[in-house]
Amino acid sequence: MSVPAICLSGLTKSFCARRARSGSALARVHDFFAPITEQVLAIDRVSFTIQPGERVAFIGPNGAGKSTTLKVLSGILHPDSGSAEVAGLVPWRQRRQLGFRIGTVFGQRSQLWYHLPARDTLELLGFVYELEPAACRARLKELTAAFDLGPLLDKPVSQLSLGERMRAEVAASLLHRPRILFLDEPTIGLDVAAKAAIRELLQRQSEQEGVSLLLTSHDTGDIERVCQRVIVIHGGRVVSDGSIAELRRGYLGTKRVRLWSERERLALTLPGVRVLSELPHYCELEVSTATTPVGEVVEAALSQGTLRDLTIEDAPLDEVIHSFYRDVKARPAP
């Protein structure tokens, strides 16, 4: 049986934070000389396992504990309690060795030298990762072909578009053949075509080289097109862990129905049916399936005339996730 790429058990981390007394001048003086502090729990008994080659989205609202967890996994922070292994290593004890087995891509931070050509940075990273010159050249040739970097390598990074730079960033993170890749908002700020290219490259590299991906993103397109599994963290605790299909099934109460009709306007006043948009010969509906089955909506539309076409889709994933967050927030604290 293979060793898990990432294994966390009961991981807990808290921070000491100051709490202000009040807004008065005297209170501010007291806060300066005798501050009141309290422990803030950032992650609370987090446990999950990721297998080699698995692609996992790690999501949650702002302040949920995603960044703290990633910092513990990369060895930047020491946990208060619990255990973790990443690529068979304890991150905060074996951080240097871990650096040779993981790669990182941060959409808002760059590991490329801004005023140098990308080739120079990649060659320097090869030296940092102690790659033999011949092995580094061979790997760089491989990645250049896979990421279509040929025309970009000798341009200063400052002259690359954001999409081109992100391709080079991902290539840089894969130069030393890491077994695990941490990705934080890898497509932030990219246009539609650049996002699609980055997602395809990540999925292909994971499949071809068996790299495990742990991705945090607020872009549901990244989650749907790259990942197989979703771990949701809220209030420092893991509240859901399963496939995207399971998340949808658990929180889907609506369908999107689009109708193209011979009749200019359809009068659909069924309970649980909301008109999202309407044009001559077209309407888009949100149907609460618990109140009115989709079949009844279609039958009501057909009773008013011929339908040219129709589509029935699940609600967008971002709505499913928003519904999940709302439900978790409404639950009583454990």
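This passage describes the overall build of a predicted model and then the packing of some of its helices.

The structure is a predicted model, in which local features need pLDDT of at least 70 and side-chain atom pairs count only at pLDDT 80 or more, whereas totals for chains, interfaces and linings use all residues. Residues are numbered from 1 along each chain as its sequence is written, and side-chain values use heavy atoms, with hydrogens and water left out.

The chain holds 11 helices and 13 strands, where helices (H or I, at least four residues) and strands (E, at least two) are DSSP runs numbered from the N terminus. Taken along the principal axes, the C-alpha atoms fill a box of roughly 70 × 60 × 50 Å. Of the 334 residues, 45% count as buried; buried means under 20% relative accessible area, exposed means over 50%, and partly exposed lies in between, with a 1.4 Å probe and protein chains only. Among the contacts with a separation of 6 or more, 72% are accounted for by residues 24 or more positions apart, a contact being heavy atoms within 4.5 Å. The domain assignment gives domain 1 (6-248) and domain 2 (254-314), with bounds that come from an automatic or database assignment, and the C-alpha centres of domain 1 and domain 2 lie 43 Å apart.

Helix H2 (residues 66-73) is largely enclosed by the rest of the structure, because 6 of its 8 residues are buried. These buried residues are Lys66, Thr68, Thr69, Leu70, Val72 and Leu73. H2 is followed by Gly75, which has a positive phi, near 85 degrees.

Helix H5 (residues 133-147) packs with helix H7 (residues 192-209) at an angle of about 135 degrees, with their axes 11 Å apart; here axes are lines fitted to C-alpha atoms, for helices over the stretch in contact, and angles run from 0 to 180 degrees between N-to-C directions. That angle makes H5 oblique to H7, since angles under 35 degrees count as roughly parallel, over 145 as roughly antiparallel, 65 to 115 as roughly perpendicular and the rest as oblique. H5 passes H7 in a right-handed crossing, a crossing being right-handed if the near helix is turned clockwise from the far one by less than a right angle, and left-handed if anticlockwise. On the H5 side, Arg139, Glu142, Leu143, Ala146 and Phe147 meet Leu201, Arg204, Gln205 and Glu209 of H7. The residues of this contact divide into 4 nonpolar, 1 polar and 4 charged, where Ala, Val, Leu, Ile, Met, Phe, Trp, Tyr, Cys and Pro count as nonpolar, Asp, Glu, Lys and Arg as charged, and the others, Gly among them, as polar.

H7 also contains Glu207, which is exposed, with a relative accessible area of 52%. The C-alpha atoms of Glu207 and Arg55 are separated by 9.4 Å, although the two residues are 152 residues apart along the chain.

H5 packs with H6 as well, at an angle of about 145 degrees and with the axes 10 Å apart, and the crossing in which H5 passes H6 is right-handed. Arg139, Leu143 and Phe147 in H5 meet Arg167, Val170, Ala171 and Leu174 in H6, and the residues of this contact divide into 5 nonpolar, no polar and 2 charged. Helix H6 (residues 162-174) is also the place of Arg165, which is buried, with a relative accessible area of 14%. Not counting residues up to four places away in sequence, Arg165 touches Gly107, Arg109, Ser110, Leu112, Val157 and Leu160.
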